[in-house]
Amino acid sequence: MSRHVLVLGGTTEARELAAALSAQPGVRVTSSLAGRVSRPGTLDGDVRVGGFGGAEGLADWLRERRVAAVVDATHPFAAGITANAARAAAATGVPLVVLRRPGWRPVAGDRWQEAGSLAEAAGLLPGLGRRALLTTGRLGLAAFAQVEGVHFVVRSVEPPAPPLPPDAEVVLARGPFTVADELTLLRAHRVDVLVTKDSGGAATAAKLTAARELGLPVVVVRRPPLPEGVRAVPDVAGVLDVLDVLSGW
């Protein structure tokens with residue numbers, strides 16, 4: 001009988017994990033996507049789109065599909081999904097592995113200010129600059145809707161929904177971006193402060209290098225903490241190692 005693994009996805013690592021697990025004999029993979037991106041790309045294994053109906057709905061799904069393990073490989077800021085996964089795993093006894101790429105760390109020349117939330121980041125901006133590149137995703141822009149005196153360049157993969165900051169222009173673009181790309185964008189829009197979440201990984205780190213080269217301040221929103229008792233592994237290899245030693249795996 002095949003072993004069924006549910007991968008809560010939407011990240012590059014989730015895609016890599018689905019491919020690695022699908023290549024293993026006797027393993028069936030279902031990748032679950034939240035449906036926030038209209039063109040998610042091809043994935044190995046089965047794919048489902050949409051929510052489960054909270055922790056209880058996810059627990060029911062795990063029981064009905066006889067899932068052997070859950071891997072939460074969502075974005076580091078998808079705190080609600082991670083919390084539901086932890087509760088569902090505890091309720092069903094299904095092992096949970098959380099995959100989180102390491103966060104960024106400042107290096108010499110960086111001018112970072114950390115913020116605990118998007119709202120805190122918004123409060124810092126007026127004292128840091130007047131032209132901000134906002135790369136925090138299209139779903140959290142309401143936190144900046146009351147900021148005045150700052151021109152926002154909002155970069156997003158897909159058109160963001162209102163409310164937007166009062167003085168904003170939207171740049172639709174899909175990464176990864178090179179340092180040259182980011183330098184061109186920052187210079188073209190005369191950006192004097194960058195706002196980003198600590199997503200981690202190399203795919204979106206070029207903007208940090210570009211900001212460093214230009215001497216720009218960067219507001220970095222810290223990641224939400226993991227649920228109590230939940231630990232994360234940093235890469236796909238780590239997930240595969242954990243799955244190999246799980247009881248009954």
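**Exercise 1. Helices 2 and 3**

Helix 2 and helix 3 cross in a right-handed manner, a crossing being right-handed if the near helix is turned clockwise from the far one by less than a right angle, and left-handed if anticlockwise. The model is predicted: local features need pLDDT of at least 70, side-chain atom pairs count only at pLDDT 80 or more, and totals for chains, interfaces and linings use all residues. Residues are numbered from 1 along each chain as its sequence is written, and side-chain values use heavy atoms, with hydrogens and water left out.

Task: Describe how helix 2 and helix 3 pack, and state which residues meet.

Solution. 

Step 1. Two packed helices are described by the angle between their axes and the distance between the axes. For helix 2 (residues 54-64) and helix 3 (residues 79-92), the angle is about 50 degrees and the axes are 8 Å apart. Axes are lines fitted to C-alpha atoms, for helices over the stretch in contact, and angles run from 0 to 180 degrees between N-to-C directions.

Step 2. Helix 2 is therefore oblique to helix 3; angles under 35 degrees count as roughly parallel, over 145 as roughly antiparallel, 65 to 115 as roughly perpendicular and the rest as oblique.

Step 3. Helix 2 contributes G54, A55, L58, A59, L62 and R63, which meet N84, A85, R87, A88, A91 and T92 of helix 3. Contact means heavy atoms within 4.5 Å.

Step 4. The contact of helix 2 with helix 3 comprises seven nonpolar, three polar and two charged residues. Here Ala, Val, Leu, Ile, Met, Phe, Trp, Tyr, Cys and Pro count as nonpolar, Asp, Glu, Lys and Arg as charged, and the others, Gly among them, as polar.

**Exercise 2. T92**

Task: Determine whether T92 is buried, partly exposed or exposed, and list its contacts beyond four places in sequence.

Solution. 

Step 1. T92 belongs to helix 3. Its relative accessibility of 24% makes T92 partly exposed, where buried means under 20% relative accessible area, exposed over 50%, and partly exposed in between (1.4 Å probe, protein chains only).

Step 2. With neighbours within four places in sequence left aside, T92 is in contact with A59, L62 and R63.

Step 3. T92 and D244 are 152 residues apart along the chain, and their C-alpha atoms are separated by 20 Å.

**Exercise 3. Helices 5 and 6**

Task: Characterise the packing of helix 5 and helix 6, and identify the elements against which the buried residues of helix 6 pack.

Solution. 

Step 1. Helix 5 (residues 179-188) and helix 6 (residues 206-214) have axes 8 Å apart, at an angle of about 55 degrees. Helix 5 is therefore oblique to helix 6.

Step 2. The crossing of helix 5 and helix 6 is right-handed. V179, E182, L183, L186 and R187 of helix 5 make the contact with A206, K207, T209, A210, A211, E213 and L214 of helix 6.

Step 3. Among the residues of the contact of helix 5 with helix 6, seven are nonpolar, one is polar and four are charged.

Step 4. In helix 6 the buried residues are A206, K207, L208, A210 and A211. The buried residues of helix 6 pack against helix 5 and against strands 6 (111-115), 7 (131-135), 8 (151-156), 10 (193-197) and 11 (217-221).

Conventions. Helix = DSSP H or I, 4+ residues; strand = E, 2+ residues; numbered from the N terminus.
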